[in-house]
Amino acid sequence: MLSPFTRFAAGLLAMAACGASATVQAQTSVKIGYAISRTGPGAGGAAVTTIPNYDLWVKEVNAAGGLKLGDKRVPIEVVQYDDRSSAEEAAKALDRLITQDKVDFILPPWGTGLNLAVGPILNKAGYPHLAATAVTDRAPELAKRWPNSFWLLGTSAGAANTLVELLVKLRSEGKIGDTVAMASIADGFGIDLSGAARPALTKANFKLAYDKTYPVGTQDLSPIINEVKALNPDVFIAFSYPPDTIAITEQSRIAGFNPKVFYTGVGTAFPLFKQKFGANAEGVMGIGGWSGDSPAIKDYLARHKASAANGAEPDRWASAVTYASLQMLQQAIERVGKIDRAAVIKDLQTGTFDTVIGKVKLENNMPTQYWWVGQWQDGDFYGVGPSTNEGARAPILPKPAWKAP
């Protein structure tokens, strides 16, 4: 009996022999598939950042008559599975999409881990892989190893270094001092970001008064906040995941810990953060951000709210990048004018794209501009770093005092 992997490889070879990347038959639909975390630990992030954008894009494209292939428009047909937040389930789902459903294109999963897990499969099968929710220092290496892959959120080092550059600027302006406290989750995200921030802070002559990790799933983060508060740092950095971001912010409010710079990790840009903290979100910094004053972003926000269940808003970071990646895929397909995945990959590598985040032209399969530091200001999470980005806002310093709930 052949193993599942052997059957999968045989299926790929059969597809290649049949010229699956350049169909000559009349195209009545473009079949697009994906496996996404509808259950499991990744479900929350996927429900905020990825699924609403997939739904919105398909709805809008089909409302316009479909994707333009040559001189006609062809509707999108969707095939989707629940990857259950599991790399094994994601791999099985992609096997089905490729060998059984024979989809024309595949959209990526949510999160760094699953994008890394499916990368080899998409590369072997020759599908473009637009990883819009993955942050990894391996991105430049992976873009070379898998030239079909595009890493649209950049690297951990880029995020950490941009934060430190902003802190240096604020210190030079006399708005903060030298003392920094840093907490990080003991998982890939926190390990990578703290590992990049630590030497950058030291090189910039900041005093790292606190530098500790906490285990994934930690329920009570008050001991960390109480310990850090006693040190009275000017800057607090938490490289945290969404549940921890909420807990750290709430505990800091309760404890009255209010440093001049208060920065938390993934989840700060989520609409849930604003809903949870209201006026107390003002001045909080975190990873991500967007050009909130951009007409294209304002239009995207309105369309997202109109389309999503209960008028849900997108997050102010990877949601817009995810939607932009779909616009890029659409423009590449329509410029090629047929289902030719190799040609679409080439167009993604070399083309220029008009998107909700502005014009995008990739270099070495990665963007040249990112939002790495955002701050809640007047009800929106604006990008403040890099300060050289178009649309960057000046940060509010010091962070306003916590208000009673």
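This report describes helix packing, nonpolar cores, aromatic pairs and some backbone features of a predicted model.

## Basis

In this predicted model, local features need pLDDT of at least 70 and side-chain atom pairs count only at pLDDT 80 or more, while totals for chains, interfaces and linings use all residues. Residues are numbered from 1 along each chain as its sequence is written, and side-chain values use heavy atoms, with hydrogens and water left out.

## Helices H2 and H11

Helices (H or I, at least four residues) and strands (E, at least two) are DSSP runs, numbered from the N terminus. The axes of H2 (residues 43–63) and H11 (residues 295–307) come within 10 Å and cross at roughly 95 degrees. Axes are lines fitted to C-alpha atoms, for helices over the stretch in contact, and angles run from 0 to 180 degrees between N-to-C directions. H2 and H11 therefore count as roughly perpendicular (65 to 115 degrees; under 35 is roughly parallel, over 145 roughly antiparallel and the rest oblique).

On the H2 side the contact (heavy atoms within 4.5 Å) is made by Pro52, Asn53, Leu56, Lys59 and Glu60, and on the H11 side by Tyr300, Arg303, His304 and Ser307.

## Nonpolar cores

A nonpolar core is a set of buried Ala, Val, Leu, Ile, Met, Phe, Trp, Tyr and Cys residues joined through side-chain atoms within 4.5 Å. Buried means under 20% relative accessible area, exposed over 50%, and partly exposed in between, for a 1.4 Å probe and protein chains only. The largest nonpolar core has 108 residues, of which Trp57, Phe236 and Ile237 touch the most other members. Helix H12 (residues 318–336) gives the most to this core, with 10 residues. Apart from it lies another core of 15 residues, including Ala35, Leu94, Ile106 and Val118.

Ser325 is in helix H12 and is buried at 4% relative accessibility. Beyond its neighbours within four places in sequence, Ser325 contacts Leu130, Ala132 and Leu152. Val344 is in helix H13 (residues 341–350) and is buried, with a relative accessible area of 0%. Among the residues that Val344 touches, not counting those up to four places away in sequence, are Phe105, Pro128 and Leu329. Val344 and Leu329 are 15 residues apart in sequence and 7.8 Å apart in space, C-alpha to C-alpha.

## Aromatic pairs

The whole structure holds 12 aromatic pairs. Rings of Phe, Tyr and Trp (its six-membered ring) pair if their centres lie within 6.5 Å; planes under 30 degrees apart count as stacked, over 60 as edge-to-face and the rest as tilted. Phe273 and Phe277 have ring centres 4.8 Å apart and planes at 50 degrees, so the pair is tilted. Both lie in helix H10 (residues 271–277), 4 residues apart, about one turn of the helix. For Tyr370 and Trp372 the centres are 5.4 Å apart and the planes at 25 degrees, so this pair is stacked. Both Tyr370 and Trp372 are buried.

Phe236, Phe257, Phe262 and Trp402 form one aromatic cluster.

## Backbone features

A cis peptide bond joins Gly385 and Pro386, with omega about 0 degrees. The bond from Leu397 to Pro398 is also cis, with omega near -10 degrees. Pro386 lies in the segment after strand S16 (380–385), and Pro398 is found in the segment after S16.

Asn232, although not a glycine, has a positive phi of about 50 degrees. Asn232 lies in the loop between helix H8 (222–231) and strand S10 (235–239) and is exposed at 63% relative accessibility. Asn365 has a positive phi of about 65 degrees, but is buried at 7% relative accessibility.
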